[in-house]
Amino acid sequence: MNSDRFILNRKQLDVDTANFWIKHETMKENMEKYMRNTPLVKQDINRFSQIQRNEFLGRILGVKEGRKILPFIINNSINANIYKNTNSWPVIARTKPVYKPQLAVLDLPNIRNDICCNVLHWSSNDHIIAALGKIIYMWHVPSATMSKSINCFRDVISLRMDMDSTALAFSCDETYGCEIKIWNLFTSKIIEKRGPLGCSHSCYITCIEYHCSNKFMIIGCKKGNMAVTTTELERISHVRYAHNLLDIIKIKCSPNGKYVASSGYDGYVNIWSFPHLELLHSFYQPFCSRGISWHPWESSYLCIGTTNGTLSLINTALGKCLDKVTDEASIIYDITFNKLSGELVTSQCFCESGDPGSYGSQINVLSRLNRVVDRFEGHNRRVLFLEWSPDNTILASAGSDETIHLWKFFGAMKKNKFKKNIIADCFNLEKFIR
Ligand SMILES: [Zn+2]
């Protein structure tokens, strides 16, 4: 018999082990306080890995957490619910910061750095597409060569490649009535359409998004109008003044294809049904939200990053903000979920009041709204664009310092760790298409 017949868990009454766990619980509790009180840009990324190390050590000692101490010695001050957070999402977070080999740093001279432009994209055929002024360049990443370029004769405002990498949609400023063009990469033909949003001559398209079925596009313009069109630019549905006559900053389609999120200069993030664009929910932030990203597996979860340093986690099915954290000393320019790990990447700038020398730019990796588990540093200006390689292992970041950095996001970590989730993701997509 393994245990004492009078006190069933006597074998677990090892004083050293019990002490170890009590210390560990205290450490975890302190960590919770630390995360609540420390802004994201100031969190020490190594602190979290000490806790992970302790948990690992505990497993080696062979004692399951939570079953190691008999009930009469449980410390009541430890609140068992403290770890059930509303500020979390499904995630396979890294246990310690990774070694960050920077694959490349490339020049992006004259890249547009307005809040309302979307001029960088990483396509499914492994090209980084960037508009530099009036010219769109396509850079093939594996061979590190420039494969194509196109002169658009006007400053490009937004661009997006379709899922098959056969067509590139783009828009320019000073066009006549929200003109959009689609360049077929095989035939080199360009189709164009004026006025799909019914706007006057002084308007232009600020963002373009392909639907995950690859049969539709969602476009938004400077006057806050939105439309769903086919890939041949036939209009399916249309909303006027979706953002109160102000610029639409970003449009993102949910992974299951049923919802569309849009953010605008009016401070609203709106959730629409697809394809009819019926307004389902509206979330107001007093500043504009340039970063919006859908969770890759939990299709109702949306994260929003705002220029006043607020990060919010939203359940769009309930129309409810689950939690938010604010650090007014920082500005969030973009956010994106990694599809393999579910970690959230944010690009943040910060400046301590009265000290211009403390200006900094960070790319943080979060496992929860208030927990930074890793950090990528290399830019010295704001980072407006975060893009993933097709296999989600390389992160591209670009911004006002006119450079693009390519980072190995998982360091030397093995990819098959995430296999299960990729299958789950594909399944969701398939279900929608049927
Ligand atoms: Zn317009």
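**A close look at Arg375**

Mentor: Let's start with Arg375, which counts as partly exposed because it has 17 C-beta neighbours inside 10 Å. On this scale, 20 or more other C-beta atoms within 10 Å of a residue's own make it buried, 12 or fewer make it exposed, and anything in between is partly exposed, with C-beta atoms placed from the backbone. Keep in mind that this is a predicted model, so local features need pLDDT of at least 70 and side-chain atom pairs count only at pLDDT 80 or more, while totals for chains, interfaces and linings use all residues. Residue numbers start from 1 along each chain as its sequence is written.

Arg375 belongs to strand 25, residues 371-376. Strands here are DSSP runs of E, at least two residues long, and helices are runs of H or I of at least four, numbered from the N terminus. Setting aside neighbours within four places in sequence, Arg375 is in contact with Ile45, Gln362, Ile363, Asn364 and Val365. Contact means that the C-beta atoms, again placed from the backbone, lie within 7 Å. Then there's Pro97: it sits 278 residues away from Arg375 along the chain, yet their C-alpha atoms are separated by 7.6 Å.

Among contacts with a separation of 6 or more, 49% link residues 24 or more positions apart. The chain comes to 3 helices and 28 strands, and 40% of its 434 residues are buried.

Next, the inside. The largest nonpolar core has 101 residues, and Leu159, Leu168 and Ala169 touch the most other members. This core lies between domain 1 (10-71) and domain 2 (102-433), because both give residues to it. A nonpolar core is a set of buried Ala, Val, Leu, Ile, Met, Phe, Trp, Tyr and Cys residues joined through C-beta atoms within 7 Å, and the domain bounds come from an automatic or database domain assignment. Beyond four places in sequence, Leu168 has Ile129, Leu159, Met161, Trp183 and Leu185 as its contacts.

Now for strand 19 (residues 301-305), which is largely enclosed by the rest of the structure because 5 of its 5 residues are buried. Tyr301, Cys303 and Gly305 point one way, Leu302 and Ile304 point the other, and all are buried. Strand 19 pairs antiparallel with strand 18 (residues 291-294) over 4 bridges; pairing takes at least two DSSP bridges between two strands. In that pair Gly291 stands opposite Gly305, and 6 residues sit between the two strands of the hairpin. Strand 20 (residues 310-315) also runs antiparallel to strand 19, joined by 5 bridges, with Asn315 as the bridge partner of Tyr301.

Most residues other than glycine have a negative phi, and most peptide bonds are trans. Asp126, not a glycine, has a positive phi of about 65° and lies in the loop between strand 2 (120-122) and strand 3 (127-132). Leu245 has a positive phi near 65° as well, in the loop between strand 13 (235-239) and strand 14 (248-253). The Phe274 to Pro275 peptide bond is cis, with omega near 5°, and Pro275 lies in the loop between strand 16 (268-273) and strand 17 (279-284).

The average pLDDT is 82, and 81% of residues score at least 70, where pLDDT is the predictor's confidence in each residue from 0 to 100. Residues 66-84 have a pLDDT below 50, and this stretch has 16 contacts beyond near neighbours in sequence. Residues 420-434 also stay under 50, with 16 contacts beyond four places in sequence.

How values were computed. Two residues are in contact if their C-beta atoms, placed from the backbone, lie within 7 Å.
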